[in-house]
Amino acid sequence: MKKLYEKNKLTFAIVWIVIYCFVQSLANSLNEIIGIEYAATAAFCILQTAVLFVFLKKNGLFERYGLCRSLVPASRFLYYIPLILLATGNLWNGIALNYSPTGTVCRIVAMLCVGFLEEVIFRGFLFKAIAKESVSKAIIISSVTFGIGHIINLLNGSGMTLTENLCQVIFAIAVGFLFVLLFHRGNSLLPCILTHSAINSLSTFANGEGLSKEMHIVHCLILIAITVAYTLVLVKMLPKKNDEN
């Protein structure tokens, strides 16, 4: 893995994206065979998280990929308050127990790991690899790729409807732009990882009862509006880097 990373960082990022998407799809099929919700997903996510964490630590890459505290004051990020709104968005319609106790634990563990994995892969590996040539191109590609990657939830047997998936994709693209801005100008991926993990984990308790298709779209549009507004504010407030173009 280290040899591939040193040889071509972009190829390394793409390989990890392919592996991640394949493993997630495979896990969904295995969950049904095992009969325990998210059991295989949790196991695979823990394994992938451990592999990536050890790789980054062993090669001294924590600071390069933002696994460190930001040197920019929290006040410049509006004390991250908009991130709290985004993280709790899945609970705005109330709380529900959607899974068995075992399934709930497995899903929470899986979603916590997914926050780490997707941030390191898309905001870390992919963004950094492309940013060597063009930061603006890296921001667009990493954000759009991250969002489009969620289309897999429509194809992997997750049970998500087309409308839900389209909303998820658009929201993910918007969040992708926000997170890559936080990382690039703040030098820390931790706020992105924590928010991403919280959004995913709290979705375990999302209450969809009485939520019509129209209400779901409105809910999604509100989250997108918060994301875009926060991104635009940060563009003005956060210090620019010399390598931006």
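Both Y5 and F55 are buried, where buried means under 20% relative accessible area, exposed means over 50% and partly exposed lies in between (1.4 Å probe, protein chains only). The model is predicted, so that local features need pLDDT of at least 70 and side-chain atom pairs count only at pLDDT 80 or more, while totals for chains, interfaces and linings use all residues. Residues are numbered from 1 along each chain as its sequence is written, and side-chain values use heavy atoms, with hydrogens and water left out.

**Aromatic pairs**

- The rings of Y5 and F55 have their centres 5.6 Å apart and their planes at 75 degrees, so this pair is edge-to-face; rings of Phe, Tyr and Trp (its six-membered ring) pair if their centres lie within 6.5 Å, with planes under 30 degrees apart counted as stacked, over 60 as edge-to-face and the rest as tilted.
- Because Y5 lies in helix α1 (residues 2-7) and F55 in helix α3, the pair ties together parts that are 50 residues apart in sequence; helices (H or I, at least four residues) and strands (E, at least two) are DSSP runs, numbered from the N terminus.
- A search of the whole structure finds 11 aromatic pairs, and ring pairs link Y5, F12, F55, Y65 and F125 into a cluster.

**Overall fold and dimensions**

- The protein chain has 10 helices and 0 strands, which read along the sequence as the pattern α-α-α-α-α-α-α-α-α-α.
- For 245 residues, a compact globule would have a radius of gyration near 18 Å, and the 18 Å of the protein chain agrees with this; the radius is taken over C-alpha atoms, and the globule rule is 2.2 Å times the number of residues to the power 0.38.
- The C-alpha trace of the protein chain spans about 50 × 40 × 25 Å along its principal axes.
- Of the 245 residues of the protein chain, 45% count as buried.
- The accessible surface of the protein chain comes to about 12300 Å², of which 68% belongs to carbon and sulfur atoms; accessible areas come from the Shrake-Rupley method with a 1.4 Å probe, and for residues only the protein chains shown count as cover.
- Among the contacts in the protein chain with a separation of 6 or more, 80% are accounted for by residues 24 or more positions apart, a contact being heavy atoms within 4.5 Å.

**Nonpolar core**

- Of the 61 residues in the largest nonpolar core, L56 and F125 touch the most other members; such a core is a set of buried Ala, Val, Leu, Ile, Met, Phe, Trp, Tyr and Cys residues joined through side-chain atoms within 4.5 Å.
- At least two residues of this core come from each of α2 (9-34), α3 (39-58), α4 (81-87), α5 (101-131), α6 (135-148), α8 (162-186), α9 (190-202) and α10 (213-237), and α5 gives the most, with 15 residues.
- Once its neighbours within four places in sequence are left aside, L56 is in contact with L61, F62, Y65, L67, F116, V120 and F125.

**Cysteines**

- A search of the whole structure finds 0 disulfides, a disulfide being a pair of cysteine sulfur atoms within 2.5 Å.
- C21 is in no disulfide, and its nearest cysteine sulfur, that of C45, is 12 Å away; at 23% relative accessibility, C21 counts as partly exposed.
- C113 is likewise in no disulfide, with the sulfur of C45 as its nearest cysteine sulfur at 5.7 Å, and C113 is buried, with a relative accessible area of 12%.

- N200 is found in helix α9 and is buried, with a relative accessible area of 15%.
- Leaving aside neighbours within four places in sequence, N200 is in contact with R107, M111, V114 and G115.
- I151 lies in the loop between α6 and α7 (152-155) and is partly exposed, with a relative accessible area of 34%.
- Not counting residues up to four places away in sequence, I151 touches N165 and V169.
- I151 and N200 are 49 residues apart in sequence and 16 Å apart in space, C-alpha to C-alpha.

**Positive phi values in loops**

- Y38, in the loop between α2 and α3, has a phi near 65 degrees, a positive value in a residue other than glycine.
- N187, in the loop between α8 and α9, has a phi near 65 degrees, again a positive value in a residue other than glycine, and N187 is partly exposed, with a relative accessible area of 31%.
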